[in-house]
Amino acid sequence: MNNYNINKGIGRTVEFKGLKAQYLFIFAGGLLGTLIFVMILYMAGVNSYICLFLGAGGASLIVWQTFSLNRKYGEHGLMKIAANKRHPRYIICRKPIHRYLKFTPKSNVL
């Protein structure tokens with residue numbers, strides 16, 4: 001009887017050519033944005049060589065930047081940076097201390 005291994009990749013993150021997780025979306029979105037930008041420029045009447053140069057330059061910049069971010073921050077690095085930016089650096093306490101220590105009894109409302 002043959003044994004078949006099914007679903008060997010469950011629990012792993014999606015990876016394509018070394019890019020992991022959210023970097024795939026950055027990569028695909030950036031290339032799609034560059035393509036749309038070049039198409040708009042071409043339809044607006046800009047010289048085709050300029051469109052070609054801007055498209056190739058933008059695409060290579062996106063590829064280079066995405067792979068460098070992937071190498072620098074790793075799989076969950078961008079999410080950690082975004083979460084760190086949401087936390088306050090310090091908590092400001094402007095009330096006097098006796099205001100925090102004051103006891104106010106709760107009234108029973110029926």
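The legends below walk through views of one predicted protein model.

Residues are numbered from 1 along each chain as its sequence is written. Because this is a predicted model, local features need pLDDT of at least 70 and side-chain atom pairs count only at pLDDT 80 or more, while totals for chains, interfaces and linings use all residues; side-chain values use heavy atoms, with hydrogens and water left out.

**Figure 1. The whole protein, from end to end.** Let's start with the overall plan: the protein has four helices and two strands. (Helices are DSSP runs of H or I with at least four residues, strands are runs of E with at least two, and both are numbered from the N terminus.) Starting at the N terminus, the order is β-β-α-α-α-α. The radius of gyration is 26 Å, well over the 13 Å that the globule rule gives for 110 residues, so the protein is more spread out than a compact globule. (This radius is taken over C-alpha atoms, and the globule rule is 2.2 Å times the number of residues to the power 0.38.) The C-alpha atoms fill a box of roughly 75 × 65 × 35 Å along the principal axes. How much of the protein is buried? Buried residues account for 15% of the 110 residues. (Buried means under 20% relative accessible area, exposed over 50%, and partly exposed in between, with a 1.4 Å probe and protein chains only.)

**Figure 2. Two stretches with a UniProt label.** An unreviewed UniProt entry places the feature "transmembrane region" at residues 21-40 and 46-64. (UniProt positions follow the numbering used here, feature names are shortened, and annotations may be inferred rather than shown by experiment.) In the model, residues 21-40 are 95% helix and 0% strand, with end C-alpha atoms 30 Å apart. Residues 46-64 are 89% helix and 0% strand, and here the end C-alpha atoms are 26 Å apart.

**Figure 3. A nonpolar patch around isoleucine 36.** Look for Leu32, Leu35, Ile36, Met39 and Ile40, which make a nonpolar surface patch of about 480 Å². (Patch residues have over 30% relative accessible area and no salt bridge; like charges are joined within 9 Å, and nonpolar side chains, meaning Val, Leu, Ile, Met, Phe, Trp and Tyr, within 5 Å. A salt bridge is a side-chain nitrogen of Lys or Arg within 4 Å of a carboxyl oxygen of Asp or Glu. Accessible areas come from the Shrake-Rupley method with a 1.4 Å probe, and for residues only the protein chains shown count as cover.) Isoleucine 36 sits in helix α1, residues 22-44. Its relative accessible area is 41%, so isoleucine 36 is partly exposed.

**Figure 4. Glycine 55 and its partners.** Glycine 55 belongs to helix α2 and is buried, because its relative accessibility is 15%. Which residues does glycine 55 contact, leaving aside neighbours within four places in sequence? They are Thr34 and Val38. (Contact means heavy atoms within 4.5 Å.) The C-alpha atoms of glycine 55 and leucine 35 are separated by 6.9 Å, although these residues are 20 apart along the chain.

Figure 5. Threonine 66 counts as buried because its relative accessibility is 2%, whereas glutamine 65, at 34%, is partly exposed. Not counting residues up to four places away in sequence, threonine 66 touches Leu19, Tyr23, Ile26 and Phe27.
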